[in-house]
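Okay, thanks everyone for coming. Let me put the model up on the screen, and then we'll walk through it together.

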Amino acid sequence: MPNFTLPDSVFVDACKAFDTPFYLYDEQGIRSTARRWQRAFSWCEDFKEYFAVKALPTPAILRILKEEGCGVDCASETELMLAGACGFQGADIMFSANVVPPREFRLARKLEAYINLDDITHIEELKNNGGIPETVCLRYNPGGHFRVGNAIMGDPGDAKFGMTREQLSEAIMILKKHGARRFGIHAFLSSNTTDPHYYPALAELLFETAAELRQESGLELAFVNLSGGVGVPYRPDEEEANVEAIGAGVRKAYEKVFVQNNIPGIAIKTELGRYMTAAHGWLVAHITHEKNIYKRYLGLNASSCDLLRPAMYGAYHHITIVGKESLPHIEKVDVTGSLCENNDKFAVDRMLPRAEVGDILVIHDAGAHCLSMGYNYNGKLRCKEVLLKEDGMFLLIRRAETPADYFSVLDVDPAWKRLQPK
Ligand SMILES: *Cc1c(COP(=O)(O)O)cnc(C)c1O
């Protein structure tokens with residue numbers, strides 16, 4: 001079984017209260033993960049996690065994380081608006097966007113968010129769209145492969161993000177000329193890794209680079225932003241991230257680079273998305289069809305429009321059949337949605353217990369980068385989201401999309417309304 005799960009009875013109760021498909025999120029789980037992460041960095045006097053909004057852009061969730069002391073990391077105008085509407089402002093918002101439409105800088109400046117510049121050309125655009133703030137963050141791309149020991153953990157040389165080392169030096173001098181007084185530095189070099197060496201290695205690279213830039217420019221170093229990338233075990237046989245070891249590893253690098261060189265008061269920021277919520281969300285659907293041709297297929301009332309990761313990256317999501325987990329997993333099936341696309345599958349050749357139409361099927365670790373990647377292909381409408389509150393009650397936190405939502409952007413004869421099934 002996955003690390004975090006809920007008793008099958010909770011899924012059954014949720015299905016009594018709400019028609020499937022829906023996402024279910026566990027408030028208690030999200031809060032305890034947020035606390036665990038912050039505890040791992042409690043050695044740092046000035047630490048803050050900025051939850052990556054794109055992972056789960058639902059106000060009820062953002063407000064829970066806000067109560068836990070988190071800020072938000074935004075990458076678009078709409079995400080900034082969402083953050084603002086949920087009560088985040090100023091130093092609670094990190095704007096880490098790339099290929100940025102100029103007006104997004106204006107909104108970020110209006111909210112007094114931290115701005116993380118992806119490219120050297122953005123300095124001029126920021127200057128002309130809201131102006132250069134006192135503190136600016138720069139996104140670094142060290143190029144090549146990012147190695148930890150012998151393992152390659154990422155390929156920044158192939159990534160569109162960030163500036164070269166030379167550009168960082170140039171950018172910081174330009175920013176200084178334009179009146180910036182403090183800087184931060186950021187890099188995102190590996191995604192979904194539970195390896196406890198990743199974050200400390202990234203931290204050491206950023207701490208050393210930041211110390212050099214501080215020396216070169218004479219600007220004050222405000223913070224190091226370690227970005228996202230800490231992963232969750234999607235497969236039952238994978239280990240969860242040892243966040244205490246990660247926190248301790250970052251501390252070691254911090255002491256080596258900053259404390260021993262008398263560089264005081266550097267804040268640490270993180271922008272985790274996946275780690276914070278992935279394991280605390282489930283896509284709950286019913287099996288509506290069984291089909292036996294050259295393979296056996298279980299068809300769901302959900303599709304890749306609800307959860308794209310398997311179709312997009314071949315990502316593994318664990319699947320359980322409610323009430324049947326203790327039965328032998330003897331049946332090899334593809335679990336599919338209803339799109340006219342053969343990659344609309346949640347699992348391929350998965351061994352499951354004998355399942356049938358009417359069973360509740362649960363897709364695990366769906367609390368991050370799942371509903372938010374949803375789309376409307378084949379005219380499919382995104383499903384609803386339900387929160388399991390700490391008191392055990394269910395709360396609808398996003399209604400399902402309706403045909404009216406779909407048609408609202410179209411210039412179409414209102415006759416569609418008469419065609420809506422009751
Ligand atoms: C997506 C993203 C994150 C969060 O990534 P996770 O893998 O969910 O931790 C953080 N920062 C930036 C800039 C991102 O684009």
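Let's start with a helix: which residues of helix H4 (residues 77-85) are buried? Before I answer, some housekeeping. This is a predicted model, where local features need pLDDT of at least 70 and side-chain atom pairs count only at pLDDT 80 or more, while totals for chains, interfaces and linings use all residues. Numbering runs from 1 along each chain as its sequence is written, and side-chain values use heavy atoms, with hydrogens and water left out.

Okay, back to H4. Its buried residues are Glu-77, Glu-79, Leu-80 and Ala-83. Looking down the axis of H4, those buried residues fall within an arc of 160 degrees, so they line one face of the helix. That arc is taken over the directions from the helix axis to the C-beta atoms. Turn to the other side of H4 and you find Thr-78, Met-81 and Ala-85 exposed. When I say buried I mean under 20% relative accessible area, exposed is over 50%, and partly exposed is in between, with a 1.4 Å probe and protein chains only. Helices (H or I, at least four residues) and strands (E, at least two) are DSSP runs, numbered from the N terminus.

What covers the buried residues of H4? The cover includes strand E3 (71-74), strand E4 (93-95) and helix H5 (102-110). And just after H4, Gly-87 takes a positive phi of about 95 degrees.

Now let's zoom out. The protein chain is divided into domain 1 (27-277) and domain 2 (279-417), with bounds that come from an automatic or database domain assignment. Their C-alpha centres lie 32 Å apart. The contact takes 22 residues from domain 1 and 20 residues from domain 2, where contact means heavy atoms within 4.5 Å.

How much area do domain 1 and domain 2 bury between them? About 1,900 Å², with 56% of it on carbon and sulfur atoms. Buried area here is the accessible area (1.4 Å probe) that two parts lose on being put together, summed over both. On the domain 1 side, Glu-27, Tyr-234 and Thr-277 lose the most area to domain 2, together 31% of what that side buries.

Next, the core. The largest nonpolar core has 113 residues, and those with the most contacts inside it are Trp-37, Leu-117, Tyr-199 and Phe-207. Helix H8 (residues 198-217) gives the largest share of this core, nine residues. Both domain 1 (27-277) and domain 2 (279-417) give residues to this core, so it lies between them. For the record, a nonpolar core is a set of buried Ala, Val, Leu, Ile, Met, Phe, Trp, Tyr and Cys residues joined through side-chain atoms within 4.5 Å.

If you click on Tyr-199, not counting residues up to four places away in sequence, you'll see it touches several residues, including Trp-37, Phe-41, Leu-226 and Ile-246.

On to charges. Side chains of opposite charge can pair when their charged atoms come close. A search of the whole structure finds 28 salt bridges, each a side-chain nitrogen of Lys or Arg within 4 Å of a carboxyl oxygen of Asp or Glu. Between domain 1 and domain 2 the count is one salt bridge. Elsewhere on the list, Arg-31 forms a salt bridge with Glu-390, the closest N and O atoms being 3.5 Å apart.

Then there's Asp-349, which pairs with Lys-295 at 3.0 Å between the closest N and O atoms. Asp-349 lies in strand E16 and Lys-295 in the loop between strand E12 (281-292) and strand E13 (296-300), so the pair ties together parts that are 54 residues apart in sequence. Asp-349 is also worth a look for its backbone: phi is near 55 degrees, a positive value in a residue other than glycine.

Arg-398 and Glu-385 meet in a salt bridge too, at 2.8 Å, N to O.

Pro-21 sits in the loop between helix H1 (8-17) and E1. That's my tour, thanks!
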